[in-house]
Amino acid sequence: MTKIRTRYAPSPTGKMHVGNLRTALYEFLVAKHEGGDFMLRIEDTDQERFVEGAIDIINRTLEKTGLTHDEGPDKDGGYGPYVQSERVKTGIYMKYAKELIDKGEAYYCFCDKERLESLKTSIGEDGKEIMIYDKHCLHLSKEEVEANLAAGKPFVIRQNIPNEGTTTFTDELYGDITVENAELDDMILIKSDGYPTYNFANVVDDHTMNITHVVRGNEYISSSPKYQRLYDAFGWESPVYIHLPLITDENHKKLSKRSGHSSFEDLSEQGFVSEAVVNFIALLGWSPEDNREIFSLDELIKEFDYHRISKSPAVFDIVKLRWMNGEYLKAMDEDKFMEMAEPYLEKYLKPGLDRKKIGAMVKTRIEVFPDIEGLVDFFNALPEYDTEMYVHKKMKTTKESSLAVLKDLLPILEAHDDYSNDALYALLQNYAAEHEYKNGYVLWPVRTAVSGKQMTPAGATEIMEIIGKEESIARIKKGIELLEA
RNA sequence: GGCUCGUUGGUCAAGCGGUUAAGACGCCGCCCUCUCACGGCGGAAACAGCGGUUCGAUUCCGCUACGAGCUGCCA
């Protein structure tokens, strides 16, 4: 069996969309699962849409996600160049286009904008326009074509598709797909600027670069019959096609910038770790044989069987991604977690607080790093709070009981000097036992007083350990004051 | 409008003619517990509709509905 070769062929037009990232991931996995090669090819034939810096984003994203390519612009594997604009200079596309013209499978077209415009017909209420080229230039005589060319008249080269018959191609997931040739437009192969269209370049490149498996988004299914005709016209063996289902937003529409999490960069900024993102999108449209959900990239390579890719579109559920990210955070070793959490802790905590202790508290309680802010804010300063918080049914506490406990405890805590968690806990537990109170009966009011919050990432005594004796006493006094008011 | 593809709980999904139709997220309840979270246990919740084929359809076929994609000198 020949070695599998796949390619990720993005056009450098901006951020890395998660749909594109998933395509890249699947292409990578299809190849790596069988020990094949994964290649990066830059499709920049549309100079108008080219965005400066977009190639850097692609490279950076691929690197961060671990989708390392075996060949690409920066890694020659003997099939270069790997950037289409550079391939244009080699004349490869024009050469193959002319070959098609010789075979009668393509032809020069000199129609100008106005004529093309007149071919448009609008349909439906929304004023949508469609255009089917009428093969006008196909009927030009050889002499006319020569004359036009000699006169330097701008031209494009179109694919010649007959009006009769059908064309069939085979997708690994969707099976045979057949369309009437009459439905197929004579698409442009070479643009008037001499650049090939994606439609043409992709066929020429995939063949000349020896790509065995073409993995791409579902949106290409409609044009695949045209590509198939190109392969057939050249007499080339067509690659294995694997078309991927769409990823949509919660409204089942194409993921857009508006959703706020449509690109890998957005997600990184929102505090998601790349391993979780990769794991999550792997499961958007593919599932393993067993019920496992947490996969490292290496495990994905091992388990990935492209036959199990689904055919229906998937909604990008940010809530589940958050859960998965939380799983990654919990499983992360302490050092790495602290390293990644540090910038956030530093940002959200005032100096002097024990960031290491607080980081450990927060580890099982956050899903993404920015969640830290809302959990630790009370360490910096006691927030304003409602004394209703002292009332807790299960702890059997009321405002009165809380006030009594706090007043009772104040001198004890003032006299006590060891503000370590263990010592404080022993002290309070002891106090509760002496008075035959349940632990919660005394700990609830203390925790409320020192935090001013309904819920905290730590217990009363842990909080006191962090903020220290002076601040603890001050907050308890404040609590007494509020309760007495 | 035409063509193509799709349709299992709110979401991701297993299933590939006979099942009490998995599992996960989310939601709810209980337990654990110095609150919350973690963890453990349990619950509600689905085969789009209609016709075939078949002894038997979520699974196969057709139609309808709904959704999506394509219909660019964009990819």
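Where is Lys-135 found? Lys-135 sits in the loop between strand 5 (128–131) and helix 6 (142–150); helices (H or I, at least four residues) and strands (E, at least two) are DSSP runs, numbered from the N terminus.

Before I continue, a word on the source. This is a predicted model, in which local features need pLDDT of at least 70, side-chain atom pairs count only at pLDDT 80 or more, and totals for chains, interfaces and linings use all residues. Residues are numbered from 1 along each chain as its sequence is written, while chains are lettered from A and ligands numbered from 1 in the order in which they are written.

To return to Lys-135: its phi is near 60 degrees, a positive value in a residue other than glycine. Lys-135 has 15 other C-beta atoms within 10 Å and is therefore partly exposed, that is, between buried (20 or more such atoms) and exposed (12 or fewer), with C-beta atoms placed from the backbone.

Lys-396, also not a glycine, has a positive phi of about 60 degrees. Lys-396 belongs to the loop between helix 15 (372–380) and helix 16 (399–415). Lys-396 counts as partly exposed because it has 13 C-beta neighbours inside 10 Å.

I turn now to a helix pair. The axes of helix 4 (residues 92–102) and helix 7 (residues 198–208) come within 10 Å and cross at roughly 100 degrees; axes are lines fitted to C-alpha atoms over the stretch in contact, and angles run from 0 to 180 degrees between N-to-C directions. Helix 4 and helix 7 are therefore roughly perpendicular (65 to 115 degrees).

Key: Parallel < 35°, antiparallel > 145°, perpendicular 65-115°, else oblique.
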